[in-house]
Amino acid sequence: MVAKGDVFGPNQPLILHLLDIPPMMGVLEGVVMELADCALPLLHGVVPTDDPAVAFKDVSAAFLVGAMPRKQGMERKDLLSANVKIFKVQGEALDKHAKKDVKVLVVGNPANTNALVCSKYAPSIPKENFTAMTRLDQNRAQAQIAQKVGVPVGNVTNVIIWGNHSSTQFPDASHALVNISGKEVKATEAVKDDNWMRSVSFSGAAVIAARKMSSAMSAAKAACDHMRDWFLGTVPDKFVSMGVISDGSYGAPKDVVFSFPVATKAGKWQIVQGLPVDDFAKKMLAATGKELEEEKSEAMSVIEA
Ligand SMILES: NC(=O)c1ccc[n+]([C@@H]2O[C@H](COP(=O)([O-])OP(=O)(O)OC[C@H]3O[C@@H](n4cnc5c(N)ncnc54)[C@H](O)[C@@H]3O)[C@@H](O)[C@H]2O)c1
Ligand SMILES: O=C(O)C[C@H](O)C(=O)O
């Protein structure tokens, strides 16, 4: 998707740096062969490597997907001790070798806390440049609403994912809009079922139960959506959700990577301010914020141990 122009546009040539661990180098060679066989005109080079210093050398965009996935029955927290150290190493390598304006998307779970760790170990890169993926959750919620109303998914916008990419996240459709026959209406009016709207939920575990593997295709698509919107900008009056460093907006704890509604322009994101938040939403935001603070202190104790 990246190499065929879905992220940086149809006129932007690129070089892909592909990082994996030493036992996977043979498999990675196969990926390189397949990329060549795809005959992608925009792909001007591929650098397969097991060395983070080579992988991150002068990169402008980093998709950090290399991490252990959750298996059936596991919570994202269970991955913390296994994965968080990877993001310390990758943060240090980004700090030393990447461009100072590199935009980093963390997909590997627990994504929010890994993004925070990565940023902590890359102090020469602005904290705003480290983000975590909640776009898959946004896309899932939009798809559920589109199906319920009976419109194509592109007609549903402004769904918000608040907080952590975990089961405590708050998918909030109260500001969502649905375009029905050319007229934009509130999703709450289109659905006319408040209980159903509040049941729009996180479905990562359901995909794992069915596939016996983590979401892959939908996660790749969401990563591309996230980076495309960050690099190329969002549509005026529309917002998307991204895990970004919290400034305390909407009562979220500061200095955790928290998913907010954001609008992007000229390569910068801004948290959309002033949206009404009711008591139910406040309770949900507090719960996911608390989990992120707990994950943060757990991550630091794993790293410092
Ligand atoms: N945020 C989201 O919405 C979202 C969605 C889907 C998956 N995920 C997460 O993404 C991660 C990857 O999932 P997957 O299904 O692709 O897993 P996978 O096991 O299929 O692939 C992981 C890859 O990462 C590599 N890897 C492991 N350690 C590495 C390291 N230190 N450096 C570089 N590469 C390394 C592995 O060798 C493997 O090739 C998991 O943590 C999963 O939970 C997040
Ligand atoms: O749920 C998981 O652990 C995998 C991924 O984060 C997802 O949301 O599908």
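In this predicted model, R135 and D229 are both buried, a term that applies to residues with under 20% relative accessible area. The two residues form a salt bridge, with their closest N and O atoms 2.8 Å apart. R135 belongs to helix α5 (residues 135-149) and D229 to helix α9 (residues 217-232), so this pair ties together parts that are 94 residues apart in sequence.

Salt bridges with shared partners join R135, K221, D225, R228 and D229 into one network.

Side chains of opposite charge can pair when their charged atoms come close. Across the whole structure, a search finds 9 salt bridges. One of them links the side chains of D6 and K4, at 3.2 Å from N to O. Here D6 counts as partly exposed, since its relative accessibility is 30%, while K4 is exposed, with a relative accessible area of 52%.

A further topic is the packing of helices. Helix α3 (residues 80-97) packs with helix α10 (residues 279-304) at an angle of about 75°, and their axes lie 9 Å apart. The angle makes α3 roughly perpendicular to α10. On the α3 side, the contact is made by L80, S81, V84, K85 and K88, and on the α10 side by E295, E298, A299, V302 and I303. Sorted by class, this contact has 5 nonpolar, 1 polar and 4 charged residues.

Terms used
Residues numbered from 1 in each chain as written. Chains lettered and ligands numbered in written order. Predicted model: local features only at pLDDT ≥ 70, side-chain atom pairs only at ≥ 80, totals over all residues. Heavy atoms only, no water. Axes fitted to C-alpha atoms, helices over the stretch in contact; angles between N-to-C directions. Helix = DSSP H or I, 4+ residues; strand = E, 2+ residues; numbered from the N terminus. Parallel < 35°, antiparallel > 145°, perpendicular 65-115°, else oblique. Contact = heavy atoms within 4.5 Å. Nonpolar A, V, L, I, M, F, W, Y, C, P; charged D, E, K, R; others polar. Salt bridge = Lys/Arg side-chain N within 4 Å of Asp/Glu carboxyl O. Buried < 20%, exposed > 50% of the residue type's maximum accessible area, 1.4 Å probe, protein only.
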